[in-house]
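Visitor: I'd like to know where the labels on a model like this come from. Can we go through a few of them?

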Amino acid sequence: MIFYLLLYLTVGMCFLSSVWVYQSIKKLTKGLLRNFLRYILLITIWGLIFSTWIFCLSVDLITVPGESFILLSVGVYVAILFLIVSRMAICAKKLGEAYGFRE
């Protein structure tokens, strides 16, 4: 019961966050800040996709042949998430250098 409630909450938060970030990106001009917010948008959409996948697996809307497939899908999800976060960190570094945030 609590697991499903958390999944609904996660899906809802990811959806709302992606809408808010998308709306804020539309008002920005091209540049580093817009690219940074695009990576944040990508992370929220990726979270929405993954939480929907887990929800479908947990309520048996989708059946998979074994546990190894679920572990493989979670591994691929985490790997792609780290790739997105790495690109976002590079963009944040460039953003910091451009606006003078240095130690």
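Visitor: What makes Ser51 count as buried or exposed?

Guide: First, a caution: this is a predicted model, where local features need pLDDT of at least 70, side-chain atom pairs count only at pLDDT 80 or more, and totals for chains, interfaces and linings use all residues. Residues are numbered from 1 along each chain as its sequence is written, and side-chain values use heavy atoms, with hydrogens and water left out. Now, buried means under 20% relative accessible area, exposed over 50%, partly exposed in between (1.4 Å probe, protein chains only). Ser51 has 5%, so Ser51 is buried.

Visitor: Which residues does Ser51 touch, beyond its neighbours within four places in sequence?

Guide: Leu7, Thr10 and Val11, where contact means heavy atoms within 4.5 Å.

Visitor: And why is Ile25 called buried?

Guide: Its relative accessibility is 5%, so Ile25 gets that label. Leaving out residues up to four places away in sequence, Ile25 touches Arg34, Leu37, Arg38 and Leu41.

Visitor: Why are α2 and α3 called roughly antiparallel?

Guide: The axes of α2 (residues 32-58) and α3 (residues 67-98) come within 9 Å and cross at roughly 165 degrees. Angles under 35 degrees count as roughly parallel, over 145 as roughly antiparallel, 65 to 115 as roughly perpendicular and the rest as oblique. That's why α2 is roughly antiparallel to α3.

Visitor: How do the residues of that contact divide into nonpolar, polar and charged?

Guide: For α2 with α3, there are 24 nonpolar, 3 polar and 2 charged.

Terms used. Axes fitted to C-alpha atoms, helices over the stretch in contact; angles between N-to-C directions. Helix = DSSP H or I, 4+ residues; strand = E, 2+ residues; numbered from the N terminus. Nonpolar A, V, L, I, M, F, W, Y, C, P; charged D, E, K, R; others polar.
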